[in-house]
Amino acid sequence: MKEIYYLDDLSVGQRFGSGCYVLDEKAIKRFAAEYDPQPFHLNNEAATESFFQGLAASGWHTAAVTMRLLVESEFKPAGGVIGAGLDVLQWHQPVRPGDKLSVETEIVEVRLSKSRPEQGMVKARATTHNQHNEPVQTFIANLVVKRYVP
């Protein structure tokens, strides 16, 4: 495994794993209270009667945990994980208290920049799974990655 991946080190189909992160009820409610204060993220009783039929983490909380796992993963693009936008962001199922999340990143496109020869763009699919290896979130990000310049 390489420490840093420059644009020229990356190719379509490469996959990278991450460590794990467990979301507990307290963290779910704390995040929701500050950023997404909806009853099904804050209150167990209200959540039971909601669409989610139980307490569920905010999708934005899942996205934030995914970002942390991605930054700490095997995938270390030169210059950092610098996003230029998302093509897709999907939440497949709720994340519940106690869920153990991990991320698999797959390179789906690599291209040189036409205007900046010292960098390029990488399209990467990050799929967040729970402890049952079920996808809970997927995003496809466009990342700016430096080229190796000796």
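The dialogue below goes through how to read several features of this predicted model.

User: What should I know about the model and the numbering before I start?

Analyst: This is a predicted model, in which local features need pLDDT of at least 70, side-chain atom pairs count only at pLDDT 80 or more, and totals for chains, interfaces and linings use all residues. Residues are numbered from 1 along each chain as its sequence is written, and side-chain values use heavy atoms, with hydrogens and water left out.

User: How many helices and strands are there in the protein, and what pattern do they follow along the sequence?

Analyst: Helices (H or I, at least four residues) and strands (E, at least two) are DSSP runs, numbered from the N terminus. The protein has four helices and six strands. Along the sequence they read β-β-α-α-α-α-β-β-β-β. The C-alpha atoms fill a box of roughly 60 × 30 × 20 Å along the principal axes.

User: What share of the residues counts as buried?

Analyst: Buried means under 20% relative accessible area, exposed means over 50%, and partly exposed is in between (1.4 Å probe, protein chains only). By that rule, 39% of the 150 residues are buried. Strand β6 (residues 135-146) is mostly covered, with ten of its twelve residues buried.

User: What share of the contacts joins residues at least 24 apart?

Analyst: A contact means heavy atoms within 4.5 Å. Taking contacts between residues at least 6 apart in sequence, 69% join residues at least 24 apart.

User: Which strands pair with β6, and in which sense?

Analyst: Two strands pair if DSSP finds at least two bridges between them. Strand β3 (residues 82-91) pairs with β6 in the antiparallel sense over eight bridges. Strand β5 (residues 119-129) also runs antiparallel to β6, and eleven bridges join these two. β5 and β6 form a hairpin with five residues between them, and N133 in the turn has a positive phi of about 60°.

User: How do I read a single residue in one of these strands?

Analyst: In a regular strand the side chains alternate between the two faces of the sheet. For a case here, take L89, which lies in strand β3. L89 stands opposite F139 in β6. The C-alpha atoms of L89 and F139 are separated by 4.3 Å, although the residues are 50 apart along the chain. Leaving aside neighbours within four places in sequence, L89 is in contact with W60, Q137, T138 and F139. Its relative accessibility is 28%, so L89 counts as partly exposed.

User: How many salt bridges does the count come to?

Analyst: A salt bridge is a side-chain nitrogen of Lys or Arg within 4 Å of a carboxyl oxygen of Asp or Glu. By this rule the count is nine. One of them joins D8 and R147, with the closest N and O atoms 3.3 Å apart. D8 lies in the segment before β1 (15-16) and R147 in the segment after β6, so the pair ties together parts that are 139 residues apart in sequence. D8 is partly exposed at 47% relative accessibility, and R147 is partly exposed at 26%.

User: Where do E104 and R15 lie?

Analyst: E104 and R15 meet in a salt bridge with an N to O distance of 3.0 Å. E104 lies in strand β4 (residues 100-112) and R15 in strand β1, so this pair ties together parts that are 89 residues apart in sequence. R15, E104, E106 and R125 are linked in a network of salt bridges.

User: How far apart in helix α1 are K29 and E25?

Analyst: K29 and E25 are four residues apart in helix α1 (residues 25-35), so about one helical turn separates them. Their side chains meet in a salt bridge (2.8 Å, N to O). K29 is partly exposed at 23% relative accessible area, and E25 is partly exposed at 32%.
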